[in-house]
Amino acid sequence: MAPLLEIQGLTKRYRKLTAVDGLNLRIEPGEFVGFIGPNGAGKSTTMGSIAGVLNPDEGKLEVGDVDILADPIAARRQISFVPQHLELYDYLTGLEYLQFVAGAKQMKDAERDAQIEDLLEMAGLTKAKHRLVKEYSGGMARKLAICAALLGPPKLLLLDESFVGLDPESTFTLRKRLVQFCEGGGAILLSSHILDMLERICTRIVMLVDGKLVLDESMESLNAQFAARDGVDTLTDLYMIKADKLGASETTSRDSEE
Amino acid sequence: MPQSPTSLLLSARKRAALNRWSMASGTTRASVTVILFAVAAALLLAGHFASERLLIPPIETMTPTGFEARSKQVAGQTAVELAFWISTFIGAVFSFRVMELLFRRPDIRTVDKLPFPMSALFIDRLVVAFLEALTWGFCASLFFVPLAWNGSPWGAIVCVLLLILSPIVTLGIGLGVQLFAGAGEFAGSTSPDGQRSVDGYGGAGQLFLFAPGVALAGAAIAVMLLKLGLQEALRLESFNRATATGVLIAVSLAVVSTFLGWRAFRQHYFKMLAGFREADFVGFAATMDYQQSAFDQPHWLERFLPAEARGTFRRHLLQYGRRFALTRYAYPMLWLMLGLALFNFSRDALPVWATSLAPMIFLVSLLDPWTRQNTPGIRTMPSQALPVTTRHEAMASQLFAAREVMLFLGPCALLITGVPLIRSSFVLDHLLASALLLGMGITVTLAQSALARATGEPARVMITLAGIIPTAIIGGASVFGMPIGLGVMGGLLALMLLLGFFQPARVAEA
């Protein structure tokens with residue numbers, strides 16, 4: 001099967017700091033990839049590069065058969081990105097914002113309205129749809145951004161720390177919706193530090209430490225390892241080992257430098 | 001039927017503006033309306049009073065027997081000269097503003113992840129910048145409208161046209177230069193396997209940073225041509241071939257530059273945008289090498305504060321000093337320029353320097369430390385999380401803001417006062433000028449302090465108001481004379497002190 005996302009040798013430097021170092025990654029349709037790593041490991045930089053909002057220094061990035069750097073518009077038709085720091089139109093209402101995004105994705109009116117209603121319902125934002133985004137709480141704004149990202153729908157969804165600040169009910173509904181999205185042939189790259197949740201919903205885990213790929217395994221294979229290995233029963237256990245083995249002390253010093 | 005991408009972008013912008021207006025409180029809407037009308041009325045009034053002097057023919061045209069016979073041609077020449085310098089000043093600011101409008105406004109980051117065609121994004125940017133250029137030009141030109149009913153309708157027409165067309169021409173040229181420089185900087189090979197050919201942080205990257213200056217140079221030449229052409233309309237009191245030629249050359253330069261800019265935009269805009277995003281979002285360790293913790297070192301000014309407020313003062317000192325290092329340098333530089341202008345102060349030359357300095361004062365007020373101190377990135381509310389009362393927090397902040405202003409204004413005022421004392425001439429004038437300068441600084445700071453704290457955020461309206469106050473004072477001084485100007489300033493100062501005194505004191509829970 002042709003990969004939905006293919007990254008070859010992605011390198012991104014911020015002056016002396018190499019944030020991502022020669023990353024190779026393939027994501028197939030239907031995969032739900034959990035993207036983990038310590039703070040400053042290069043997760044957001046990788047996601048920003050895939051979304052086309054950061055310029056990589058080296059490497060090749062393709063979504064479908066589109067070169068993300070050479071044809072950014074075509075790439076944006078296939079990718080939706082919810083960044084860690086939200087960037088929304090504050091003075092549009094929730095409904096207007098979703099209509100705007102649907103318009104940008106050239107959705108037909110009937111299809112647009114049905115999807116918007118459905119997503120608002122899913123996110124529990126129906127009652128707040130006529131309120132200005134500015135008046136939304138942090139969690140509501142994040143849910144709205146995820147709804148906007150799901151419009152279309154895109155082929156690849158990039159979610160950077162998108163579960164931060166969501167209430168349990170929203171987290172539950174959203175998780176279900178994201179799993180459905182992948183079952184429908186879409187793919188998700190979700191960066192998060194909530195490892196228990198990733199363990200339950202992801203089909204694959206990718207881990208970066210100091211910009212380098214240190215783990216890339218299917219959840220199935222990881223579960224088998226957890227069952228077989230003493231002392232490594234959860235993703236958190238594995239994370240601690242990987243992070244420590246590959247220089248947790250170095251990571252701490254990188255964080256303080258940043 | 002889906003909307004076209006361009007219309008979608010523009011209608012979202014319009015909708016957001018309408019929402020902002022319709023959902024604002026009645027008081028806010030009334031305040032904004034009153035302020036807008038007050039500004040317009042003040043500009044018209046100031047223009048009306050200044051008309052007589054603006055219509056005096058330049059001194060160069062005087063002969064022992066009176067004005068030259070050809071003096072008719074220069075009846076509005078002084079006004080046109082002033083309009084030209086104001087245009088150049090606006091051009092200087094707008095050259096930088098174009099960069100902001102193209103790459104750094106938050107609304108770009110709202111749409112840059114969506115699949116909008118390049119043409120739609122370009123038109124959107126162009127419309128935003130054009131509307132802003134028009135607003136600048138329109139506001140500045142109000143001052144010259146009264147020439148129309150004071151004997152020089154052609155003077156008014158020429159000045160208004162010059163001030164409205166100049167920012168538009170500056171926009172066109174700025175757009176082209178910035179995008180061209182951006183393309184040169186960020187068009188390096190990044191795909192499929194190549195390493196980026198240029199360093200986005202230094203080396204060739206500096207070209208991009210200097211682009212606004214290059215744009216300004218180009219725009220100044222175009223505005224000069226515009227002025228030369230329009231001057232002929234003033235002289236002959238009709239639009240003629242010379243006018244058409246001047247306007248045509250300037251506008252053509254802007255159109256060609258915009259077109260070239262579009263080509264660069266189409267090919268490399270996202271890379272440029274990414275470059276700016278990187279520069280804005282990535283926290284470089286630029287200052288960390290030499291900075292060490294200094295919180296345990298008390299500042300001598302702290303002794304004027306109660307013990308409970310000292311920590312807040314020290315936090316301001318460290319946080320503000322590091323976060324806004326550049327602003328701290330820009331702020332005194334502007335005041336220094338004002339001081340230098342006042343150094344040559346003389347009551348006879350009052351109208352000329354008053355009108356030239358007014359926009360600079362506005363700029364100074366935008367850079368005011370208090371405003372910066374209240375921006376979301378730096379503002380923390382110790383009283384909400386720590387056992388510090390709002391009163392103590394306010395005391396620390398006031399002292400800090402006063403220190404920031406006085407640190408640079410004090411020496412400036414001494415310079416203005418001191419040097420003439422040595423020369424033993426115009427002592428009174430220079431004393432007055434120093435007092436005016438110090439008063440302006442304190443008024444701006446206190447105004448923003450009182451008003452920003454009252455609303456909880458440094459709203460633009462407040463900043464505008466703070467800029468208008470000293471501008472009005474100078475305008476008042478130029479029209480009515482120095483004593484009245486100082487009197488007005490004293491009144492405002494007292495008002496601001498009073499407002500500051502009646503701040504609602506909230507005591508946080510420990």
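## A walk through a two-chain predicted model

Let us begin with strand β6 (residues 79-82) of chain A, which is covered on both faces: I79(A) and F81(A) are buried on one side, and S80(A) and V82(A) are buried on the other. Please keep in mind that the whole model is predicted.

Which strand does β6(A) pair with? Its partner is strand β7 (residues 156-160) of chain A, and the two run in the parallel sense, joined over 4 bridges. Within this pairing, S80(A) stands opposite L157(A) of β7(A).

Now look at M47(A), which sits in helix α1 (residues 43-51) of chain A. Is M47(A) buried or exposed? It counts as buried because 23 C-beta neighbours lie inside 10 Å, and the cut-off for being buried is 20 or more. Leaving out residues up to four places away in sequence, M47(A) touches F81(A), L158(A), D160(A), L189(A) and S191(A). F81(A), one of these contacts, is also one of the buried residues of β6(A). A228(A), by contrast, is 181 residues from M47(A) in sequence and 33 Å from it in space, C-alpha to C-alpha.

### Chain B and its helix α1

Chain B contains 17 helices and 2 strands. Of its 510 residues, 41% are buried. If you take the contacts in chain B between residues at least 6 apart in sequence, 77% join residues at least 24 apart.

At 1.5 Å a residue, its 18 residues should span 26 Å, and its end C-alpha atoms are 25 Å apart, so the two values agree.

The buried residues of α1(B) are P5(B), L8(B), L9(B), A12(B) and A16(B). Why are they on the same side of α1(B)? They cover an arc of only 100° around the axis, which puts them there. The general rule behind such a pattern is that an α-helix has 3.6 residues a turn, so residues three or four places apart point the same way. On the face turned away from the buried side, you will find the exposed residues K14(B), A17(B), L18(B), W21(B) and S22(B).

What do the buried residues of α1(B) pack against? They meet α3 (94-104) of chain A, as well as α4 (106-111) and α5 (118-142) of chain B.

### Where the chains meet

The contact between the chains takes 37 residues from chain B and 37 residues from chain A. On the chain B side, the elements giving two or more residues are α1, α4 and α8 (241-281) of chain B. Of these, α1(B) gives the most, with 7 residues. The chain B side divides by residue type as follows:

| Type of residue | Number on the chain B side |
|---|---|
| Nonpolar | 19 residues |
| Polar | 8 residues |

### How confident is the prediction?

The model scores ipTM 0.87 and pTM 0.74. Chain B averages a pLDDT of 72, and 56% of its residues score at least 70. Among the elements of chain B, α5(B) has the highest mean pLDDT (92), while helix α16 (residues 460-480) of chain B has the lowest (49). The pLDDT is below 50 over residues 189-198 of chain B, a stretch with 25 contacts in the model beyond near neighbours in sequence. Over residues 499-510 of chain B the pLDDT is also below 50, and that stretch has 19 such contacts.

Methods: Residues are numbered from 1 along each chain as its sequence is written. Chains are lettered from A and ligands numbered from 1 in the order in which they are written. This is a predicted model: local features need pLDDT of at least 70, side-chain atom pairs count only at pLDDT 80 or more; totals for chains, interfaces and linings use all residues. A residue is buried if 20 or more other C-beta atoms lie within 10 Å of its own, exposed if 12 or fewer, and partly exposed in between; C-beta atoms are placed from the backbone. Two residues are in contact if their C-beta atoms, placed from the backbone, lie within 7 Å. The expected span of a helix is 1.5 Å times one less than its number of residues. The arc is that of the directions from the helix axis to the C-beta atoms. pLDDT is the predictor's confidence in each residue, from 0 to 100. Ala, Val, Leu, Ile, Met, Phe, Trp, Tyr, Cys and Pro count as nonpolar, Asp, Glu, Lys and Arg as charged, and the others, Gly among them, as polar. Two strands pair if DSSP finds at least two bridges between them.
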